[in-house]
Amino acid sequence: MNSLLSSVLELTPRFPGQIQNKSWYGWASQAILLKAIRQVFSPRLSQSMHVDNLRRAYTASSLYLAGEIGASSAAEGRYFLRFTALNEECARALISTTQPGRPLSPGSQLNLSGLQMRIVGIYVQQLQHKLAQTSSYECLFNSTARNAASLNERITFRLGSATFFKSTDTGGFQYEPKPALVFGSLFERWKLFSSLRAPGAEFMEYVDQSIRVDDQALELTGVGGKYQRQGAVGTVTYISADPQSPYWVFAHVLARYALFAGVGKETASGFGQCWVQ
């Protein structure tokens, strides 16, 4: 069973005029996923996936247009939600909800905070949608390691939705995607959910000493609603001063992992959507 899943649902609105460019549907998307899992897979799992302040083994996006998460909505566009799973149980649960006749199967109706949508397609492979993928920790690691000699000395991420981090020193939010924050976020998730042996603390020492921002095109964006949030969106490129290091290979592994794990805070409700550019 694959332990990593990025499932993209294509939606069509019943009333296109309802969709507002700056509306945030991440919290509604999360609620829909957890309700579906509770109904057809496991109330226990659904409850555990809802616990606050727990590193969750899934992500849920807000509503987005074809191409890139975070793009402004338009009535004539193709609309999508994306759910990801970071372990086998969550992957099985997500697959279960999309089977024929289940809550997230084609033809099902969704209510996103009053926005009526119908599912018209489900994609789990990149040939179907560029952000859809089915994989495993072993596959990500092994396929990257096999190509170690040809890895780029740069890694470019697209931050597709508002991305922010929380300072361990002040407790406040940070919006600049510094290497230690981005790779640290991915590293912690990898260690938490992967059964593969991970590098030790030396990896983060490598990040601090050898990886820096080479280029960025970012802006600070905010979303409204009951809980105000803001974060960085755009692209950021990192470069290594020591691209021959085995830790740079692992940095590339984590970069590919970002498609599933997201980065930063509140990835279960649409924030921190991230993938390699």
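Helix H1 (26–40), strand E2 (58–60) and helix H3 (88–97) are among the elements that cover the buried residues of helix H2, where covering rests on contact, meaning heavy atoms within 4.5 Å. Helices (H or I, at least four residues) and strands (E, at least two) are DSSP runs numbered from the N terminus. This is a predicted model, in which local features need pLDDT of at least 70, side-chain atom pairs count only at pLDDT 80 or more, and totals for chains, interfaces and linings use all residues. Residues are numbered from 1 along each chain as its sequence is written, and side-chain values use heavy atoms, with hydrogens and water left out.

- Leu45, Ser46 and Met49 of H2 (residues 43–50) are buried, that is, under 20% relative accessible area with a 1.4 Å probe and protein chains only.
- These residues span an arc of only 100° around the axis, which puts them on the same side of H2; the arc is taken from the directions from the helix axis to the C-beta atoms.
- Pro43, Arg44 and Gln47 are exposed on the face turned away from that buried side, exposed being over 50% relative accessible area.

**Strand E1 and its partners**

- Strand E1 (residues 4–13) has 9 of its 10 residues buried, so it is largely enclosed by the rest of the structure.
- E1 runs antiparallel to strand E4 (residues 79–85), with 7 bridges between them; two strands pair if DSSP finds at least two bridges between them.
- Strand E6 (residues 115–123) is also antiparallel to E1 and is joined to it by 6 bridges.

**The largest pocket**

- The largest pocket holds about 1000 Å³ of space; a pocket here is an open set of points on a 1 Å grid over the protein atoms alone, where a 1.4 Å probe fits, with protein on both sides within 12 Å along at least five of seven lines.
- Its lining counts 34 residues, each with an atom within 4 Å of a point.
- Arg55, Arg189, Gly264, Lys265 and Glu266 are the lining residues nearest the pocket centre.
- H5 (179–193) is one of the elements that supply at least two lining residues, along with H1, strand E9 (165–166) and strand E10 (173–174).
- The largest share of the lining, 7 residues, comes from H5.
- By class, the lining has 12 nonpolar, 12 polar and 10 charged residues, with Gly counted as polar.

Terms used: Grid points are joined across faces, edges and corners, and a volume is the space filled by probe spheres set on the points.
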